[in-house]
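Thanks for coming. I will go through one structure this morning, starting with charged side chains and ending with the backbone.

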Amino acid sequence: MSRLLSRRHLASAAAVSRSAPLACVSRWLHTPSFATVSPQEISGSNPAEVHNFVQGSWTASANWNWIVDPLNGEKFIKIAEVQGTEIKPFVESLSKCPKHGLHNPLKAPERYLMYGDISAKAAHMLGQPAISDFFAKLIQRVSPKSYQQALAEVQVSQKFLENFCGDQVRFLARSFAVPGNHLGQRSNGYRWPYGPVAIITPFNFPLEIPLLQVMGALYMGNKPVLKVDSKVSIVMEQMLRLLHECGLPAEDMDFINSDGVTMNKLLLEANPKMTLFTGSSRVAEKLAADLKGRIKLEDAGFDWKILGPDVQEVDYIAWVCDQDAYACSGQKCSAQSVLFMHKNWSSSGLLDKMKKLSERRKLEDLTIGPVLTVTTEAMTEHMNSLLKIPGSKVLFGGEPLENHSIPKIYGALKPTAVFVPLEEILKSGNFELVTKEIFGPFQVVTEYSEDQLELVLEACERMNAHLTAAVVSNDPLFLQDVLGRSVNGTTYAGIRARTTGAPQNHWFGPAGDPRGAGIGTPEAIKLVWSCHREIIYDIGPVPKNWALPSAT
């Protein structure tokens with residue numbers, strides 16, 4: 001590890017050395033106690049293995065699927081990928097969890113406290129420099145992004161765990177009571193678990209998204225089966241081992257590696273009472289139909305940013321635009337997809353500054369890197385389609401990355417911005433093309449005048465995904481107008497507004513869809529991982545002068 005191990009970690013290693021073989025001690029000194037891999041040592045000649053976890057045990061599979069290194073194409077991780085004929089243990093495991101959950105406000109309430117303790121221990125471990133560095137570098141190996149971006153994901157996860165230490169888990173299940181109509185009657189509202197649930201998460205945040213959703217499910221009393229995109233599932237496999245070390249009961253959750261067809265079969269046979277899906281809109285809609293609506297979605301985001309008429313802090317705005325569009329190579333569901341720029345910004349030098357900032361990004365430090373779901377050819381083809389729209393032009397980028405060994409199954413494109421006139425965007429046929437989400441370092445830029453704000457808001461209204469947005473202005477009337485006529489679930493407003501950012505301190509999720517799922521906050525956890533149950537107590541006494549009434 002590049003960072004010093006904590007004294008406690010070294011002391012523990014010394015204790016182990018008195019009873020463990022030398023090879024084990026050597027591995028222990030270079031990786032955390034729970035770890036079975038070392039990020040720096042994973043390679044084609046030294047591949048890592050990822051297993052499944054079901055009914056309290058780590059298991060392999062009859063089939064091993066190879067993951068290639070996104071930077072050089074070497075086969076470097078073996079995934080024990082469960083086949084359709086092997087799902088029975090997972091089906092049985094979920095079936096053991098009743099609909100009323102592993103705990104609820106009237107059953108095993110001590111488990112709320114247990115999860116507060118688990119969160120405290122996990123937060124402490126994840127806060128140790130050696131362990132946070134381990135996860136940041138492991139994230140970089142499978143979902144290449146800069147060290148700062150990878151470490152930020154770990155830090156958000158650690159802060160989330162800190163937020164739910166001690167009594168905070170049981171506070172999630174806070175109930176209420178309302179007086180009844182007569183003596184002995186009252187109604188109580190409870191937050192009730194679903195019981196057996198499923199979680200499916202994507203590649204772009206290998207730790208933060210699955211960890212936060214898993215812990216939310218567990219806090220509320222559910223038993224989840226977790227599937228993470230196999231390209232990055234090694235990160236959550238290692239995190240699950242950390243959670244076990246922190247006291248997570250082995251039977252409380254399962255972890256599966258499989259393709260989409262097998263996972264779909266598992267969902268249909270195991271019949272989880274709620275499934276959380278984070279990923280593409282196409283898959284989301286299929287699952288919503290297959291699961292008859294028993295699903296919460298945090299799907300695609302074609303995210304917009306509007307620069308208001310008040311031009312200020314141009315250097316800062318340019319930097320935020322660059323971060324929003326191109327950090328993590330644009331592979332964020334909150335990435336800036338389209339920039340609506342008031343014409344007052346045209347003479348500010350904003351676009352030139354954005355271009356220069358984009359040119360600082362390089363593969364060597366992973367400030368730009370492999371695109372794991374869109375090929376270079378597909379991104380280039382989309383760009384060329386946009387350039388056929390009258391008045392369109394490439395502002396910067398638009399060329400493949402050079403001097404790299406990224407395999408062709410992945411994308412490698414310079415940070416790209418294409419200008420498309422606003423009037424053309426709104427034309428039938430063009431709109432669907434312009435608002436197609438490209439999950440890579442690609443954005444559309446357009447310009448509007450004072451009397452064209454209605455067209456901008458029309459474009460926002462016509463979009464289908466309402467995840468994040470930014471209104472960059474300190475003009476209160478402008479903010480009021482735009483915010484009052486838009487819907488995105490996580491919207492930043494003000495001169496420092498951004499589109500990206502999913503910290504643990506505020507809701508992150510879409511709006512405008514009753515299936516929308518949030519992440520991170522108590523409100524998100526309660527909405528996604530519990531339902532409302534009302535119990536009306538009516539214990540009497542029956543009035544002494546009660547008489548049998550007439551039939552009604």
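I begin with a network of salt bridges that links Glu 285, Asp 513 and Arg 515. A salt bridge here is a side-chain nitrogen of Lys or Arg within 4 Å of a carboxyl oxygen of Asp or Glu.

Before the rest, some ground rules. This is a predicted model, where local features need pLDDT of at least 70 and side-chain atom pairs count only at pLDDT 80 or more, while totals for chains, interfaces and linings use all residues. Residues are numbered from 1 along each chain as its sequence is written, and side-chain values use heavy atoms, with hydrogens and water left out.

Back to the charges. Side chains of opposite charge can pair when their charged atoms come close. By the rule I gave, the count comes to 24 salt bridges. I will show three pairs.

Asp 229 is bridged to Lys 231, with the closest N and O atoms 3.1 Å apart. Is Lys 231 buried or exposed? Lys 231 counts as buried because its relative accessibility is 19%. The scale is this: buried is under 20% relative accessible area, exposed is over 50%, and partly exposed is in between, using a 1.4 Å probe and protein chains only.

The second pair is Glu 458 and Arg 462, whose side chains meet at 3.5 Å, N to O. These two are four residues apart in helix α17 (residues 453-462), so about one helical turn separates them. Glu 458 is partly exposed at 35%, and Arg 462 is partly exposed at 30%. On naming, helices (H or I, at least four residues) and strands (E, at least two) are DSSP runs, numbered from the N terminus.

Asp 481 has a relative accessible area of 29% and is partly exposed; Arg 485, at 35%, is partly exposed.

Next, the domains. The chain is divided into domain 1 (87-299 + 522-531) and domain 2 (303-493); the bounds come from an automatic or database domain assignment. Taken over C-alpha atoms, the domain centres are 32 Å apart. Domain 1 puts 13 residues into the contact, and domain 2 puts in 15 residues. Contact means heavy atoms within 4.5 Å.

Now the interior. In soluble globular proteins, nonpolar side chains tend to be buried together. A nonpolar core is a set of buried Ala, Val, Leu, Ile, Met, Phe, Trp, Tyr and Cys residues joined through side-chain atoms within 4.5 Å. Which residues touch the most other members of the largest core? They are Phe 135 and Phe 340, in a core of 116 residues. Helix α8 (residues 208-219) gives this core its largest share, eight residues. Not counting residues up to four places away in sequence, Phe 135 touches Phe 34, Leu 126, Val 154, Leu 207, Val 235, Gln 238, Met 239 and Leu 242. There is also a second, separate core of 22 residues, with Ala 318, Leu 339, Val 472 and Ala 497 among them.

His 382 sits in helix α14 (residues 376-387) and is buried, at 5%. Neighbours within four places in sequence aside, His 382 is in contact with Leu 433, Lys 436, Ile 438 and Phe 442. Ala 524 belongs to helix α19 (residues 522-529) and counts as buried, at 2%. With the neighbours within four places left aside, Ala 524 contacts Trp 507, Gly 518 and Ile 519. The C-alpha atoms of Ala 524 and His 506, 18 residues apart along the chain, are 9.2 Å from each other.

Last, the backbone. Most residues other than glycine have a negative phi, and most peptide bonds are trans. Cys 328 is not a glycine, yet has a positive phi of about 55°. Cys 328 is in the loop between α12 (314-326) and β14 (336-342) and is buried, at 7%. Asn 403 also has a positive phi, near 55°. Asn 403 is in the loop between β15 (393-396) and β16 (416-419), and counts as exposed at 79%. Finally, the peptide bond from Gly 540 to Pro 541 is cis, with omega near 15°, and Pro 541 lies in the segment after β20.
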